[in-house]
Amino acid sequence: MASIGFVAMIAILVLGLVLPNFQVLGQFNPERAMKQAKAVATGNGGPGVEAFNVLDYGAKTDGKTPSSINFIRAFKAACNHPGKAMVVIPEGKFVVGSILFSGPCSCEAPLMVQVSGTVVPQGNTVTAEGAEWITFQSIDGLIVSGKGTFDGQGEKSWKSKCKGCKRLPASLKFIKVNDAIISGIQSVNAKGFHFMISICRNLRIDDVNITAPADSPNTDGIHMSKTDNVIISNSRIGTGDDCVGIIHGSTNITIENIDCGPGHGISIGSLGHYDSEADVSGITVRNCSFTDTDNGARIKTYKTDSPSRAAGIIFEDLVMKHVKNPILIDQEYGKRGSSKHSKVSIEDVKFSNIRGTSASKVAVDLICSKASPCKGISLKDIDLHFVGTGEASIPFSSNCTNVKVSYSGIQNPPPCPP
């Protein structure tokens, strides 16, 4: 029996040596994957990698010729390759319509995509109902890396603002994608969301640059739902909506070292929008800065009868620069006049070491639900100063509704009355 155990141990060690660096015995190693992503950005996929350049499949760099089918053919060839595979989008300007890059793939994980060029949308195509511009779907093991740009040219679509209009397509959607790195790329002027992430697991988004004007509608930088174990780091996000939006079913999310602005801040929610929403938990936002944003650290829920729970949330080490609502819980989002009350339970939320300047006289605004008062809310070392133009007679203050708050350390503005 001992000899069998010894043989099994040797077999495990051998497998660990021969499996690719990205995954060992099916386990995602984010540190190794991140190093690999940095190499992919320079065109170095590692030894034995087969490159599938979109030019070899007929794509054109003239910024005029549609190349959707050529991109898809390059992807399919890489996805079905028996070894290591890398799709290459070289320097140049490529025009593509709505594209679905769909697995599962039989190549050796991870499938790599190196982006050096600029990709723009085909102007005379209509995105299929429910589709986005470029979608990665059902892939286990993916790297998208480079210094290239996805330019959604949303400025051509934003002018047609209207209530009740369907959401404009996201530039990049990742759905049912696991064990993935998105690194270095730029997203400019998305029609709708820049990155849309749903039903994914084990994602790292690092060193991306996301930009759109402050008045561009619904252009969330990174919008995620039903997703577990995500780290977003070292990135610059300035849009017309949430820099990062975290909605139902998102768990174990870390956001760190993000420069946010312009935009609506980093938001958990809106929650309570759909029936039977899955809970949100394990969210940490740390070491981020907010400049000229409408909000800073925000949780928002609708006034509906849909119950769910948001818990285990940490906002810490944040810098606010002329932010309208630096700390905000808003359980009356979108329907302040409605007689309904939000059924979303907000529990165990910590705001810690948040400093800088507020553009409004109410810098800490905690509007919780009468039907489900917030629980376990704590504020530690809050040091904000008013720099706006409000009435001098109105004090710089905090507001607390349907919530009891635990305070410690510096509190500026002053705490709510007990």
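**Ground rules.** I am working on a predicted model, in which local features need pLDDT of at least 70 and side-chain atom pairs count only at pLDDT 80 or more, while totals for chains, interfaces and linings use all residues. I number residues from 1 along each chain as its sequence is written, and my side-chain values use heavy atoms, with hydrogens and water left out.

**Strand pairing.** I took strands as DSSP runs (E, at least two residues), numbered from the N terminus, and I called two strands paired if DSSP finds at least two bridges between them. Strand S26, residues 344-358, pairs with strand S28, residues 374-386, in the parallel sense, and ten bridges join them. I then followed S28 to strand S30 (residues 403-412), to which it runs parallel with seven bridges.

**Salt bridges.** I counted a salt bridge where a side-chain nitrogen of Lys or Arg lies within 4 Å of a carboxyl oxygen of Asp or Glu, and the structure holds 13 of them. For burial I used relative accessible area, with buried meaning under 20%, exposed over 50% and partly exposed in between (1.4 Å probe, protein chains only).

I looked at Arg201 and Asp179, whose side chains meet in a salt bridge at 3.8 Å, N to O. This pair links distant parts of the chain, since Arg201 is in strand S15 (residues 201-206) and Asp179 in strand S12 (residues 172-183), 22 residues apart. Arg201 is partly exposed at a relative accessible area of 36%, whereas Asp179 is buried at 5%.

I next checked Asp242 and Arg298, which form a salt bridge of 2.9 Å, N to O. Asp242 lies in the loop between strand S18 (228-238) and strand S19 (244-246) and Arg298 in strand S23 (residues 295-302), so the pair ties together parts that are 56 residues apart in sequence. Both of these residues, Asp242 and Arg298, are buried.

I also recorded the salt bridge between Lys343 and Asp305, with the closest N and O atoms 3.7 Å apart. Because Lys343 lies in the loop between strand S25 (325-333) and S26, and Asp305 in the loop between S23 and strand S24 (308-323), this pair ties together parts that are 38 residues apart in sequence. Lys343 counts as partly exposed at 36% relative accessibility, and Asp305 counts as partly exposed at 47%.

Last, I noted a network of salt bridges that links Lys147, Asp207 and Arg236.

Terms used
Helices (H or I, at least four residues) and strands (E, at least two) are DSSP runs, numbered from the N terminus.
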